[in-house]
Amino acid sequence: MSGIKIVTIGGGSSYTPELVEGFIKRYDELPVRELWLVDIPEGEKKLQTVGALAKRMIEKAGVPIEIHLTLDRRKALAGADFVTTQMRVGLLEARIKDERIPLKYGVIGQETNGPGGLFKGLRTIPVIMDICHDMEELCPDAWLINFTNPAGMVTEAVLRYTNRKKVIGLCNVPIGMKMGVATVLGVEQSRVHIDFAGLNHMIFGLGVYLDGENVISQVIDKITGDQSGITMQNILDLGWDKDFIKALGILPCPYHRYYYQTRTMLEHELEEAEQKGTRAEVVKQMEAELFALYEDPDLDIKPPQLEKRGGAYYSEAACNLIYSIYNDKRDIQTVNVRNNGAIASIPDDSAVEVNCVITREGPIPLAVGDLPVPVRGLVQQIKSFERVAAEAAVTGDYHKALLAMNINPLVSSDVAAKKILDEMLEAHKEHLPQFFKPVT
């Protein structure tokens with residue numbers, strides 16, 4: 001049967017309309033025959049709402065894509081060509097805990113960095129591993145495109161602890177940075193190229209080019225002061241100290257504020273949590289508003305309000321990646337893959353986020369050599385954190401989880417690490433069965 005079968009796990013996500021829009025726009029060169037949206041019983045109402053909107057969007061566009069809604073993951077996976085994952089184990093309630101508990105101990109509470117990132121990984125990796133095992137049986141030749149956070153840690157775990165080689169981790173940060181640079185320079189995005197290298201949410205622009213000319217010095221001059229102009233909806237834009245960024249000489253990503261401006265970011269988080277709620281609590285309200293829009297039977301497009309979410313353009317990145325693999329486009333995209341020597345400062349068998357040539361056989365990472373000395377140590381420390389955290393997620397080893405917590409530079413002491421770990425393990429007990437195995 002001609003055409004492509006795509007399965008989206010976490011199909012009830014508020015981001016799904018962006019994914020559907022991307023497939024509609026590319027239909028002439030990416031002939032999706034079936035799009036299966038899969039969710040869990042707790043997400044069934046959202047799945048039905050998003051699924052109905054997806055069907056209206058397809059009908060309006062007049063393209064012959066079949067939308068299937070199901071809670072049966074194995075049924076959906078059979079014969080798939082591409083599988084995308086965009087889920088949140090424990091839903092937004094778990095993210096609220098990830099953000100609030102560390103704040104009690106004077107530590108950054110953030111979805112993908114520090115203790116919050118560790119626990120999102122501990123909950124998510126076992127589920128992704130189960131999906132990989134199902135794929136081995138039901139769609140062994142399919143590509144797994146993961147944009148469930150923490151995408152780097154998840155990709156690391158899949159590469160290290162499963163047989164799946166056809167896995168790519170995806171993030172919207174490089175797209176956002178490229179858009180931000182284009183805006184700062186006042187030019188079309190197509191004229192900008194950035195040499196990206198690092199890890200997920202720990203990526204740097206080593207070179208910034210406008211029409212082939214390296215303009216990183218001009219960009220650095222423009223992003224200092226009160227606001228940088230290169231940020232994301234979910235991260236406060238504090239700007240950068242002029243002398244620091246000039247000394248660094250490369251372009252940091254918005255998430256680096258948690259590492260280079262830790263105290264200010266923590267103070268802001270504490271204030272926001274007190275006054276408005278954590279980011280997860282704000283997102284919960286935004287989600288309620290989005291789903292109220294989605295329920296409108298007259299809505300048949302992706303609503304512009306979706307772009308206010310921090311994950312805006314994830315789905316655009318996913319569609320673009322699938323499109324390039326299917327058509328052997330050999331364009332350059334920034335994705336999470338096995339290093340294979342691209343970054344000399346990171347082990348070859350580890351996951352990195354780096355520019356790749358996207359081919360039918362998958363991404364080919366572009367070599368950058370060693371990372372600059374000023375950032376090399378931080379990137380290596382976060383890679384150590386990801387490695388140990390992935391091992392803890394797979395084994396349920398308490399001491400590995402404690403070690404990962406201590407390795408993370410956002411955690412202030414071994415005493416705080418243990419207190420945070422113990423409280424978060426208890427808070428997330430329902431979704432961490434590997435740490436609570438019955439004693440035999």
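Helices (H or I, at least four residues) and strands (E, at least two) are DSSP runs, numbered from the N terminus. This is a predicted model, in which local features need pLDDT of at least 70 and side-chain atom pairs count only at pLDDT 80 or more, while totals for chains, interfaces and linings use all residues. Residues are numbered from 1 along each chain as its sequence is written, and side-chain values use heavy atoms, with hydrogens and water left out.

On a 1 Å grid over the protein atoms alone, a cavity is a set of points where a 1.4 Å probe fits but cannot get out, and a pocket is an open set with protein on both sides within 12 Å along at least five of seven lines; lining residues have an atom within 4 Å of a point. Grid points are joined across faces, edges and corners, and a volume is the space filled by probe spheres set on the points.

The largest pocket has a volume of about 1,200 Å³. It is lined by 50 residues, and Gln86, Met87, Arg88, Val89 and Leu91 are the closest to its centre. Helix H2 (44–61), H4, helix H5 (114–138) and helix H12 (279–294) each supply at least two residues of this lining; H12 gives the most, with six residues. The lining has 18 nonpolar, 15 polar and 17 charged residues, where Ala, Val, Leu, Ile, Met, Phe, Trp, Tyr, Cys and Pro count as nonpolar, Asp, Glu, Lys and Arg as charged, and the others, Gly among them, as polar.

An unreviewed UniProt entry annotates Arg95 and Asn149 as "binding site". These residues are spread over 55 residues of sequence but cluster in space, with a largest C-alpha distance of 11.3 Å. The lining of the largest pocket includes Arg95 and Asn149. UniProt positions are given in the numbering used here, feature names are shortened, and annotations may be inferred rather than shown by experiment.

Arg95 is found in helix H4 (residues 91–104). Arg95 counts as buried because its relative accessibility is 4%, buried meaning under 20% relative accessible area (1.4 Å probe, protein chains only). Asn149 lies in the loop between strand E5 (143–146) and helix H6 (151–161), and Asn149 is also buried, at 8%. Neighbours within four places in sequence aside, Asn149 is in contact (heavy atoms within 4.5 Å) with Thr112, Lys120, Thr124, Asn200, His201 and Tyr314.

The nonpolar interior remains. In soluble globular proteins, nonpolar side chains tend to be buried together. A nonpolar core is a set of buried Ala, Val, Leu, Ile, Met, Phe, Trp, Tyr and Cys residues joined through side-chain atoms within 4.5 Å. The largest such core has 91 residues, and Phe23, Leu35, Ile65, Ile145 and Leu251 have the most contacts inside it. H13 contributes the largest share of this core, eight residues. A second, separate core of 48 residues includes Ile101, Leu144, Ala389 and Leu432.

Terms used: Buried means under 20% relative accessible area, exposed over 50%, partly exposed in between (1.4 Å probe, protein chains only).
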